Each structure stands twice: as C-alpha cells, then as structure tokens.
Amino acid sequence: MVKIADRIKQLRKKKGVSQSQLAEAIGVKNNTVSTWERGTRKPDFDALQLLSNYFEVSFEYLLGSSDKEEARVKPSQGELDS
C-alpha cells in the first residue's frame, strides 16, 4: 500500500510543481508540504480536500488506498448554491 507521503510527492512531480508552488497554490506554508512528503506530518481533512481538488484525484487515491486516480466529479454551480 502506498503511503500518503509518497502519493503527494508523486502527484506533485507529475504535475511539475515545486513544494513551494504547491504550498502557495493550496494556501499552506512552504515547509508544510515538505513535512507531508517526509511523512513527519499528515495533512488534515481540509488540506486533503485542497490536495484532492488541486491534483484532481479521489481521496482514496491520495490516501493510497486505491490505485485508480479517478478524477473527482466537480459539483455544478447549482449544487454549490443549494
């Protein structure tokens, strides 16, 4: 089973962004991404949502419990307004 630390690093490199660029894109401190990728800290639920949306992958893929990326289905504006 793939660890979340490995998955975040893999997705970041696949997207071609640095740790600093990822941190800025999702609104966390620069060293936060580094701690996630080293496995010394794990992202909280809000950060998991941000990462999932940024990389357009399912929570299951991000957490390493699935090998299927399956981009998350984005809600329509109507669903967001209700």
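This is a predicted model: local features need pLDDT of at least 70, side-chain atom pairs count only at pLDDT 80 or more; totals for chains, interfaces and linings use all residues.
Glu56 sits in the loop that joins α4 to α5. The phi angle of Glu56 is near 55°, which is a positive value in a residue that is not glycine. Glu56 has a relative accessible area of 43%, so it is partly exposed, because that class lies between 20% and 50%. Another positive phi, near 80°, belongs to Gly27, the residue that follows α2.

**The chain as a whole**

The chain contains six helices and zero strands. Read from the N terminus, the order of elements is α-α-α-α-α-α. Of the 82 residues in the chain, 35% are buried. Counting contacts between residues at least 6 apart in sequence, 47% link residues at least 24 apart.

**Helices α1 and α4**

Helix α1 covers residues 4-15 and helix α4 covers residues 45-55; their axes come within 11 Å and cross at roughly 35°. The crossing of α1 past α4 is left-handed. On the α1 side, the residues that meet α4 are Ile4, Ile8, Leu11, Arg12 and Lys15. Their partners in α4 are Leu48, Leu51, Tyr54 and Phe55. Sorted by class, this contact has seven nonpolar residues, two charged ones and no polar ones.

**The core**

Which residues have the most contacts inside the largest nonpolar core? They are Ile8, Leu22, Trp36, Leu51 and Leu62, in a core of 17 residues. At least two core residues come from each of α1, α2 (19-26), α3 (30-38), α4 and α5 (59-63). The largest share, four residues, is supplied by α4.

Leu51 is one of the residues in α4 that meet α1. Apart from neighbours within four places in sequence, Leu51 is in contact with Ile8, Leu22, Ile26, Trp36, Pro43, Glu56 and Leu62.

**One face of α2**

Why do the buried residues of α2 line one face of the helix? These residues are Leu22, Ala23 and Ile26. Viewed down the axis of α2, they fall within an arc of 100°, so they line one face. An α-helix has 3.6 residues a turn, so residues three or four places apart point the same way. The buried residues of α2 pack against α1, α3 and α4.

Arg12 is in helix α1, whereas Val17 is in the loop between α1 and α2. Both count as buried, because their relative accessibilities are under 20%.

| Residue | Relative accessibility | Class |
|---|---|---|
| Arg12 | 9% | buried |
| Val17 | 16% | buried |
| Glu56 | 43% | partly exposed |

Leaving out residues up to four places away in sequence, Arg12 touches Val17, Ser18, Gln19, Leu22, Glu37 and Phe55. With the neighbours within four places likewise left aside, Val17 is in contact with Arg12, Leu22 and Tyr54.

Terms used:
Residues are numbered from 1 along each chain as its sequence is written. Side-chain values use heavy atoms; hydrogens and water are left out. Axes are lines fitted to C-alpha atoms, for helices over the stretch in contact, and angles run from 0 to 180 degrees between N-to-C directions. A crossing is left-handed if the near helix is turned anticlockwise from the far one by less than a right angle, and right-handed if clockwise. Contact means heavy atoms within 4.5 Å. Ala, Val, Leu, Ile, Met, Phe, Trp, Tyr, Cys and Pro count as nonpolar, Asp, Glu, Lys and Arg as charged, and the others, Gly among them, as polar. A nonpolar core is a set of buried Ala, Val, Leu, Ile, Met, Phe, Trp, Tyr and Cys residues joined through side-chain atoms within 4.5 Å. Buried means under 20% relative accessible area, exposed over 50%, partly exposed in between (1.4 Å probe, protein chains only). The arc is that of the directions from the helix axis to the C-beta atoms.
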